[in-house]
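Welcome! Take a look at the protein below, and then let's walk through it together, one topic at a time.

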Amino acid sequence: TPLYLNGFGGLKWFRPLKIQHLLELKAKFPDAKLVVGNTEVGIEMRLKRIQYKVLISVAHVPELNVLHVKDDGLEIGAAVRLSELLQMFRKVVNERAAHETSSCKAFIEQIKWFAGTQIKNVACVGGNICTASPISDLNPLWMAAGAKFQIIDCKGNIRTIMAENFFLGYRKVDLTSGEILLSIFLPWTRPFEYVKEFKQAHRRDDDIAIVNAGMRVFLEEKGEDLVVSDSLIVYGGVAPLSLSAVKTKEFIIGKNWDQELLQGALKFLEIDIFLKEDAPGGMVEFRKSLTLSFFFKFFLWVSQQIC
Ligand code: FAD
């Protein structure tokens, strides 16, 4: 049954069971916070002492919990828990053609190093996306993999936006107060399309990244050569938001996948990923070298895949 509880200090807590009810609540309380795992909101309220007046638990809304395998990719409801998502990725990797699941494999590897099991059992995909932490382990991958986000407003209108365009600034996303994230669409990869994850932290298990990344390249055969037809290189931990290396992308598109491309890309990465000496987070030299070494590793990995 839907629940409504009153808490200390006038706090209202709702648990709708239907999307219609959720949208009505969001229309009535535009500043309401959605919660699923409470692993972000709980910390904000208890440790940072932020007082939210209205919380809406959306864990039981069916439309936000879909996990559909489609012809062209995977549809993932915003409230799907990370453990569930991991299971689904493992299933599709077993069942589908290997070339289609390059992104799925990258997500499997990244989720392995994401928090502990308890957190993954309750934390949802949409909570990670909408928090838009500059060090989110998954947002660089959604962007690189060409994922699309479906957004629904209080009236039920749905719009679609590329993950690449959704993050606007420090913990700022392209959502108005009347909108929520409905689902994520992750396309299958094509032959000669490769996606890879990267994360460097002080400790391998259950630690926040120093720098992380998601990278994708799509190669096309042109005569004897393999030429970059599309790409996206995205880093976390180097800016107030997950940052796409735009100039590097422009440089590598149309180039052969060879040593020359590698050397040029490393130069452009230094321009794209600019960290001031006093950048928040410190370890500037280390972070700069991580951004370059991740791309170096990506280059070697892709080269290995194609031969
Ligand atoms: P909640 O706290 O329930 O909600 C988060 C926010 O998202 C809220 O502001 C809420 O309003 C909004 N929101 C949720 N759903 C929607 C929606 N459908 N539409 C619009 N807004 C929505 N993160 C990493 O990236 N890597 C890690 O390794 C990692 N480790 C962690 C370890 C610990 C111990 C903890 C506490 C957190 C960690 N996190 C990590 C961060 C966190 O677990 C994730 O961001 C998680 O996915 C958030 O999901 P949630 O369901 O708990 O979010």
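Strand S12 (residues 193–201) and strand S13 (residues 209–222) run antiparallel and pair over 9 bridges. Strands here are DSSP runs of E with at least two residues, helices are runs of H or I with at least four, and both are numbered from the N terminus; two strands pair if DSSP finds at least two bridges between them. This is a predicted model, where local features need pLDDT of at least 70, side-chain atom pairs count only at pLDDT 80 or more, and totals for chains, interfaces and linings use all residues. Residues are numbered from 1 along each chain as its sequence is written.

**More on the strands**
- Glu 193 has Phe 218 in S13 as its bridge partner.
- S13 also pairs with strand S14 (residues 225–236), again antiparallel, over 11 bridges.
- S13 and S14 make a hairpin with 2 residues between them, and Gly 223 in the turn has a positive phi of about 60°.
- Ala 213 has Tyr 235 in S14 as its bridge partner.

**Domains**
- The domain assignment, whose bounds come from an automatic or database source, gives domain 1 (3–57), domain 2 (62–187) and domain 3 (193–306).
- Between the C-alpha centres of domain 1 and domain 3 there are 38 Å.

**Around the ligand**
- The ligand is surrounded by 27 residues, counted when the C-beta atom, placed from the backbone, lies within 6 Å of it.
- Helix H6 (125–131) is among the elements that each supply at least two residues of this shell, and H6 gives the most, with 5 residues.
- Domain 1 and domain 2 each provide at least three residues of the shell.
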